[in-house]
Amino acid sequence: MNQYDLIVVGSGPAGRRAAIQAAKLDKKVLVVEQGRRVGGVSVHTGTIPSKTLRETALNLSGWRERGFYGQSYRVKQEISAEDLRRRLLITLDHEVEVLEHQFSRNRVQHIRGKASFVAPDTMQIVKDDDDIIHVSGKSILLAVGTRPYRPESIPFDNKTVLDSDELLEIHSLPRSMVVIGAGVIGIEYATIFSALDTAVTVIDPKSTMLDFIDKEIVEDFTYQLRDRNMKLLLGQKAEKVEKLPDGKVAVTVDSGRKIITDMVLYAAGRMGATDTLNLAAAGLEADSRGRLRVNPETFETSVPGIFAAGDVVGFPSLASTSMEQGRIAARVAVGAIAMEPQKYFPYGIYAVPEISTCGLTEEEMKERGIPYECGIARFRETSRGHIMGLDTGMLKLIFSLKTRRLLGVHIVGEGATELVHIGQAVLNLKGTVEYFVENTFNYPTLAEAYKIAGLDAWNRMGEKKDAPADTVKLTDTTTSTTVEESVKSEKKKASSK
Ligand SMILES: Cc1cc2nc3c(=O)[nH]c(=O)nc-3n(C[C@H](O)[C@H](O)[C@H](O)COP(=O)(O)OP(=O)(O)OC[C@H]3O[C@@H](n4cnc5c(N)ncnc54)[C@H](O)[C@@H]3O)c2cc1C
């Protein structure tokens, strides 16, 4: 039986980052991946395909130019599913190639097959040709991710009633679509198809959506969706989905309303892919959504030597955070020092328009009783916004009144997911409103909105801004761990191993 320092199950963002990290520390690493090609959900059905689809839709529809040339402007009059797929396949090929090269450059072994436990340190791998091998590892990392939740009551047919994986395979663009679930995935796809002129209805039993995002940003976003005629049936439950003889689908809502549509996207949640791992043989158990519980600092499960990272451990379920979790888990697994991640990470929602956010929302400031002031900039106030023909888009900064520190940055509009990193850096480096007031920004850029929002907050702060900033250790924020604190806790971790 082959012995490894680390066996990684799954080659998505968490698995691949973990494997490369351990290999860089000269460890013998094996990655087991059941999919046809490496990359995980992120490369094949999630992040990269949906973002490629978005980019293609925006380019071919001429969406970004409509501020100048009007709502009827199109780069390509008839956009087909084939147009969307062509770019997707090229992008995915590049991604896989880069990944395979990373694995071979770092001498990470990878094997195609389905892994399951036979003992806490031993796994069996069923290969494609049904050949079975056994491998053992000093540590094992479960980076198996999630798959779409598919309730029995929904008549999925891979054609007109689909989950988010199947949506990438459609052969023609629907004229109408019902999206069940107003979470991030549902909203991203709903707005992308709406940009392609599909008449979209979103249904969700909750009366609000994207609750972890600052409310003012969600209000602005919702206004933009309604303004372009998207129907948002929030606080309403889709009770029945039926396929009709003419090929259409009927969705009955609990209010009694019946919507006849070309296509239904069911995007109401995902399940951890743990059911085939034979967790019992390792002494592990998943929760009702197939997720695993871990120590949030080390990503070790309740069984010593078995780690889990990425979507299988739950929120925030992002490719970006999964990579960091995988890297930390691998370092701890092989006994290396692992710095804790910064507390404030950015969250990006690639809807049309984009939303991105980092730090505390205004609602959280209120809940924590932190006195604060906000500064707001509209993209149409910037010269770059004029050049780009933007009449929507806003950036909101939230500062502590006591310390003048930036505690939250929230953006909706073009380039939000890139712009947020300026705010993230200032926030995690504990910068104050003075940073934005005193620094020069490239002109004309959308980043100039930071200056405008900073000045807006500065002006609103009144006489408070003239008082020296409170230098006492902050108690009004969940401050990120200082470097000294991190090093101390790492030493503690290393000595307890
Ligand atoms: C539609 C969509 C859009 C998204 N957009 C974004 C975005 O814009 N930004 C962002 O940061 N995140 C986004 N995400 C989330 C992102 O894709 C995930 O956070 C990320 O893929 C999780 O990585 P992971 O390593 O945990 O696992 P995954 O990427 O899910 O990979 C897990 C891998 O494990 C393999 N596996 C499972 N069980 C076994 C087994 N028993 N044996 C062998 N192999 C196994 C699977 O085949 C899979 O390849 C999106 C997700 C979806 C679905």
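**Briefing on the predicted model**

F299 lies in the loop between β15 and β16; helices (H or I, at least four residues) and strands (E, at least two) are DSSP runs, numbered from the N terminus. The structure is a predicted model, in which local features need pLDDT of at least 70, side-chain atom pairs count only at pLDDT 80 or more, and totals for chains, interfaces and linings use all residues. Residues are numbered from 1 along each chain as its sequence is written, and side-chain values use heavy atoms, with hydrogens and water left out.

**Backbone features in loops**

- Most residues other than glycine have a negative phi, and most peptide bonds are trans.
- F299, although not a glycine, has a positive phi of about 65°. At 6% relative accessibility, F299 counts as buried, a term that means under 20% relative accessible area, with exposed over 50% and partly exposed in between (1.4 Å probe, protein chains only).
- L210 is likewise not a glycine and has a positive phi of about 50°. The residue L210 is found in the loop between β9 (199–204) and α7 (215–227), and L210 is buried, with a relative accessible area of 6%.
- A cis peptide bond, with omega near 5°, leads from F315 to P316; P316 belongs to the loop between β16 and α8 (319–333).
- The peptide bond from Y443 to P444 is cis as well, with omega near 0°, and P444 is placed in the loop between α12 and α13.

**L279 and its surroundings**

- L279 is in the loop between β15 (270–272) and β16 (306–308), and it counts as buried at 8% relative accessibility.
- The C-alpha atoms of L279 and F117 are separated by 6.4 Å, although these residues are 162 residues apart along the chain.
- Leaving aside neighbours within four places in sequence, L279 is in contact with F117, L142, T274, L284, E285, A286 and L292, where contact means heavy atoms within 4.5 Å.

- Five strands form an open sheet in the order β17-β18-β21-β20-β19, with antiparallel pairing; two strands pair if DSSP finds at least two bridges between them. The edge strands are β17 (347–349) and β19, each pairing on one side only.
- Strand β18 (residues 355–359) is joined to β21 by five bridges, the two running antiparallel. S356 stands opposite I411 in β21.
- Three strands form an open sheet in the order β11-β12-β13, also with antiparallel pairing. β11 (238–243) and β13 (258–261) stand at the edges with a single partner strand each, so one side of each is left without a neighbour in the sheet.
- Four bridges join β12 (residues 249–253) to β13, and A250 stands opposite I260 in β13.

**Helix α13**

- Helix α13 (residues 448–460) has 13 residues and reaches 19 Å from its first C-alpha to its last, close to the 18 Å expected at 1.5 Å a residue; the expected span is 1.5 Å times one less than the number of residues.
- The buried residues of α13 include Y450, I452 and W458. Among the elements that the buried residues of α13 pack against are β19 (372–378), β20 (394–400) and α11 (416–428).
- Just after α13, G462 takes a positive phi of about 55°.

**The ligand site**

- The ligand is surrounded by 36 residues, and the closest are A14, E33, K51, D311 and A319; a residue is near a molecule if one of its heavy atoms lies within 4 Å of it.
- A backbone N or O atom of A115 lies 3.0 Å from a nitrogen atom of the ligand.
- For oxygen atoms of the ligand, a backbone N or O atom of A319 lies 2.8 Å away, and one of L318 lies 3.3 Å away.

Methods: Polar contact = N/O pair within 3.5 Å; in protein donor to acceptor, adjacent residues only side chain to side chain.
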